[in-house]
Amino acid sequence: MLSSLKAEEQSLLPIVEREDVGDEEDLFQTIDKLISQGINAGDVKKLQDAGIYTCNGLMMHTKKHLTGIKGLSEAKVDKICEAAEKIVNFGYITGSDALLKRKSVVRITTGSQALDELLGGGIETLAITEAFGEFRSGKTQLAHTLCVTTQLPTHMRGGNGKVAYIDTEGTFRPDRIIPIAERFGMDPGAVLDNIIYARAYTYEHQHNLLLGLAAKMSEEPFRLLIVDSVIALFRVDFTGRGELAERQQKLAQMLSRIIKIAEEFNVAVYMTNQVIADPGGGVFISDPKKPAGGHVLAHAATIRLMFRKGKGEQRVCKMFDAPNLPEAEAISFLRWIFITPGGIADAKD
């Protein structure tokens, strides 16, 4: 039975090509379609060099930003925006159309039935899911599991797509992917080939890596973006209250870019966050902590999950905030969610 399952899953790899995705094409229009609207090919190339690869992404930028691209005057930008408006609709739609658009949302299993039920089916696309908690509470473990489950076919509650992983703390371990892939009967080599990984060292490097994703996502079927962790480099590169305002502004700009990626390419975003001590937590809370990043990060995340350690190997996940899900908790053992034989103690996050 297991061997037949493995054979079935391996036959589904490598991941489907973009042209096989079908209705996915309707979600975004490539930037080169502007040429058919009378836009010069050279100007389209300038947009691509600036990291803009779809008409949808173009409409998510201000004209001030577009005129800052070398070689694009205000008159050219106005003409480009008018052409893009003819290709994509960024105006009002009916509630019925919004409901129909929501049907394109894909929910990716976490590998845990309890956690999937908490999330209403899994990590969803077109949204940012934030997981915050202390070290070794399970955040990065879940990230590694999602690297695999995202590549499962949709009928197995996967995303049938590739994964982009931005690592700011140096905690990604490809050898941990292997046993998880084997758990799901998948070829570990093919799974690893469908993950693109980058190690970020500064907040500017982190932002530039996000800008470069548009080119890849417009050509290949990505379904998940992982940022682990989203706040670490900002806490290092900006210090003291004197730089807090600038830090929050730069963080807001980066989070805005992440939101646009999620909506532009219909990908799920899973980002981890650190916690800080909360002096105002109250005397009745034994260990008061709150997520780092302040209100800027709180407003950007669609779904917020709080991870904490339970008894022994138990890990508790609480639905901290979500627009359409009730507040609840899921309790699981690390070994139930993440198959890491003999390696549970090695899991830092």
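pLDDT is the predictor's confidence in each residue, from 0 to 100, and contact means heavy atoms within 4.5 Å. This is a predicted model, in which local features need pLDDT of at least 70 and side-chain atom pairs count only at pLDDT 80 or more, while totals for chains, interfaces and linings use all residues. Residues are numbered from 1 along each chain as its sequence is written, and side-chain values use heavy atoms, with hydrogens and water left out.

**Exercise 1. Confidence**

State where pLDDT stays under 50, and how many contacts beyond four places in sequence the model has there.

Solution. Over residues 335–349 pLDDT stays under 50, and the model has 38 contacts beyond four places in sequence for them. Over residues 14–23 pLDDT also stays under 50, with 19 such contacts.

**Exercise 2. Two helix pairs**

Helices (H or I, at least four residues) and strands (E, at least two) are DSSP runs, numbered from the N terminus. Axes are lines fitted to C-alpha atoms, for helices over the stretch in contact, and angles run from 0 to 180 degrees between N-to-C directions. Angles under 35 degrees count as roughly parallel, over 145 as roughly antiparallel, 65 to 115 as roughly perpendicular and the rest as oblique. Classify the packing of helix 11 with helix 14, and of helix 8 with helix 9.

Solution. Step 1: helix 11 (residues 203–211) packs on helix 14 (residues 244–265) at about 20°, with the axes 10 Å apart. Helix 11 is therefore roughly parallel to helix 14. Tyr 203, Gln 206, His 207, Leu 210 and Leu 211 of helix 11 meet Lys 250, Gln 253, Met 254, Arg 257, Ile 258 and Ile 261 of helix 14.

Step 1: for helix 8 and helix 9 (residues 174–183) the angle is about 55° and the axes are 9 Å apart. These two helices are therefore oblique to each other. Helix 8 contributes Thr 140, Gln 141, His 144, Thr 145, Cys 147 and Val 148 to the contact, and helix 9 contributes Arg 176, Ile 177, Ile 180 and Ala 181.

**Exercise 3. Backbone exceptions**

Describe the backbone at Arg 136 and at the bond from Asp 228 to Ser 229.

Solution. Most residues other than glycine have a negative phi, and most peptide bonds are trans. Arg 136 has a positive phi, near 60°, and lies in the loop between strand 3 (127–133) and helix 8 (139–149). The peptide bond from Asp 228 to Ser 229 is cis, with omega near -5°. Ser 229 lies in the loop between strand 6 (222–228) and helix 13 (232–237).
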